[in-house]
Amino acid sequence: MESTNITIMFLNWLMGFDRKVLILAATAIGAGFSMIAGIGPGIGQGFAAGKGAEAVANDPGNGKQINMIMLLGAAVAETSGILALVISLILLYGNPLVKADGAVIILMGSAIGAGISMIAGIGPGIGQGYAAGKGVEAVGKRPEYQSAIIRTMFLGQAVAQTTGIYALIISLVLMFANPLVGLL
């Protein structure tokens, strides 16, 4: 009972602010949430680098090949972080919700939701980094199969990115083609 009163008091307090201020505040929160996705690439790239160091320690003569594969795999693992950065920058510098018509609470939720959606990039970042690490490890053990290993690593990383792309699509829809705005 008391929590309901607190919720109503909070909503009434929010509605005391200007419409644009509320949407800008929600945009700032969404931009911050979006960058949480960077956790995934950070973990994945760290794993790939660790496996690279391990592979070079076991086969120092193959270090140049191992480093190249580690860097290629880690670069692919960064895509989720880059997508999250793009959404954060759109929210900060070109958020169309600021000038959109519609209920302010829906526009605020859409700005925050666009950022939260990108958190899904944690999974692809970790998965792609794991694939990169295993690719580096495999080339360290069997350098004669390098091209086949790289091909398999890239295929696996491409599939692992799909949920990150889904998150990007939802974020873009929330900002540029939000079907919820026209429902009221």
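In this predicted model, Q128 touches G73, V76, A77, T79, S80, Q157, A160 and Q161, when residues up to four places away in sequence are left out of the count. Q128 itself is found in helix α7, which covers residues 122-141. With a relative accessible area of 1%, Q128 falls under the 20% limit and is therefore buried.

One of the residues touched by Q128, A77, also takes part in the contact between helices α3 and α4. The axes of helix α3 (residues 39-58) and helix α4 (residues 63-77) come within 9 Å and cross at roughly 170°; because angles over 145 degrees count as roughly antiparallel, α3 and α4 are described as roughly antiparallel to each other. On the α3 side the contact is made by P41, Q45, A48, A49, G52, A55 and V56, while α4 contributes G63, I66, N67, M70, A74 and A77. Sorted by class, this contact of α3 with α4 has 9 nonpolar and 4 polar residues, and no charged residues.

According to the unreviewed UniProt entry, the annotation "transmembrane region" covers residues 21-48, 68-92, 104-126 and 163-183. Two of these annotated spans, residues 68-92 and residues 163-183, are described in the table by the separation of their end C-alpha atoms and by their helix and strand content in the model.

| Span | Distance between end C-alpha atoms | Helix | Strand |
|---|---|---|---|
| residues 68-92 | 35 Å | 96% helix | 0% strand |
| residues 163-183 | 27 Å | 67% helix | 0% strand |

Technical notes:
Residues are numbered from 1 along each chain as its sequence is written. This is a predicted model: local features need pLDDT of at least 70, side-chain atom pairs count only at pLDDT 80 or more; totals for chains, interfaces and linings use all residues. Side-chain values use heavy atoms; hydrogens and water are left out. Helices (H or I, at least four residues) and strands (E, at least two) are DSSP runs, numbered from the N terminus. Buried means under 20% relative accessible area, exposed over 50%, partly exposed in between (1.4 Å probe, protein chains only). Contact means heavy atoms within 4.5 Å. Axes are lines fitted to C-alpha atoms, for helices over the stretch in contact, and angles run from 0 to 180 degrees between N-to-C directions. Angles under 35 degrees count as roughly parallel, over 145 as roughly antiparallel, 65 to 115 as roughly perpendicular and the rest as oblique. Ala, Val, Leu, Ile, Met, Phe, Trp, Tyr, Cys and Pro count as nonpolar, Asp, Glu, Lys and Arg as charged, and the others, Gly among them, as polar. UniProt positions are given in the numbering used here, feature names are shortened, and annotations may be inferred rather than shown by experiment.
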